[in-house]
Amino acid sequence: MKRQKEVTQLVSGEDFEIVTDISECEKLWKTFSVNKKISDMWEFKFCFHKYFNNLPHFIVHKKHGKVVGMLPLSYDNEQKLFKFFPGDDDWIEKNSIFLHKKRSLKELIKMCPANTKLTGIEEIPLYKKMFQDDDCTYSLYPKEFNYNLNNYHKLFKRKHVRNILRDLRKINKKGVDIIRCPKSYKKYYKIVKKWSVKTFGDKSYFYDKRFVKAFSDVLDLFMKKEIMYMTVVKVDDELAAIDFGCIYGDTMTVFAGGVNPKFRNQGIAKFINMEHIKYGFDCKLDKLEFLAFNFNWKEMWHLKKEKLFKFMK
């Protein structure tokens, strides 16, 4: 596809350019992004663009020929909406509006086309009245507890933490094996897909073949970058739970996984969640991220709610 440009001039010395060529979009992205978090990485986003194949629509703000801001969008042809690149807003969180000049934000938002839906925006430096509250994301900061699980447990009501620890002891008595980042991760990925579709049907992310292929590429990327975080739990020598994520810098993010339907309602989800937290404390990580949506446990486990924002037009 050849590079396509649309240039709109509002005042002298100021204009906006729409870039749709993917190679030009990549150059722009890498000019702005400092790769502070995993979702800032072009390679991560491109895994989803490759299979969802939504048309890029990058809005570039220039003043006197210099780029001062960029809003990276894609057009979702199925939903007829402009969304954050790569357009898979049902899963990717912590999206960024790239700014060299903070005041560029207002002008970029004004240039959004009709039928724009921007979700999971992490930071709003100015003009917050233009945005609405979105779902929260949930995190834990081990340093606040001096990397001591007992200090973390003090947040819970005594009866609640006793019940959690009792359930974990029951599972441990059956004989538990924990496997971290096995080289045969693709085999375990296929198992998670099977579990998820069996449990949630067409509500599962893994029901969408595009997502399955995209996340498979994500796992390849994590392995290539040597940032893969993966936990496999076996109970009595039978696979019980598998989760995938990454450790990027000093932040662990748990992205996706599943529980063997045979072990549902047996406390195995509690077990693997506590394993993530324990591992993060043991490794003295700065932050443990468990993404958005409460899923009936994150608030009960006293994870910190962190605001995300959205914009609709």
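Predicted model: local features only at pLDDT ≥ 70, side-chain atom pairs only at ≥ 80, totals over all residues.

Me: Which residues of helix H1 are buried?

Reply: Start from the geometry: an α-helix has 3.6 residues a turn, so residues three or four places apart point the same way. In H1, which spans residues 22-32, the buried residues are Cys25, Leu28, Trp29 and Phe32. Because they cover an arc of only 100° around the axis, they sit on the same side of H1.

Me: Which residues are exposed on the other side of H1?

Reply: Lys27 and Thr31 are exposed there.

Me: What covers the buried residues of H1?

Reply: The cover includes helix H2 (42-52) and several strands, among them E2 (14-19), E3 (55-63), E4 (66-76) and E6 (98-99).

Me: Now the serine. Is Ser139 buried or exposed?

Reply: Buried means under 20% relative accessible area. Ser139 has 0%, so it is buried. Ser139 belongs to strand E9, residues 137-140.

Me: What does the side chain of Ser139 make a polar contact with?

Reply: Its partner is the side chain of Glu306, at 3.2 Å. Leaving aside residues up to four places away in sequence, Ser139 touches Glu306 along with Lys287, Leu288, Glu289, Leu303 and Lys304.

Me: How many disulfides does a search of the whole structure find?

Reply: A disulfide needs two cysteine sulfur atoms within 2.5 Å. The search finds zero. For Cys112, the nearest cysteine sulfur is that of Cys25, 15 Å away. Cys112 has 2% relative accessibility, so it counts as buried.

How values were computed
Residues numbered from 1 in each chain as written. Heavy atoms only, no water. Buried < 20%, exposed > 50% of the residue type's maximum accessible area, 1.4 Å probe, protein only. Helix = DSSP H or I, 4+ residues; strand = E, 2+ residues; numbered from the N terminus. Polar contact = N/O pair within 3.5 Å; in protein donor to acceptor, adjacent residues only side chain to side chain. Contact = heavy atoms within 4.5 Å. Arc of directions from axis to C-beta.
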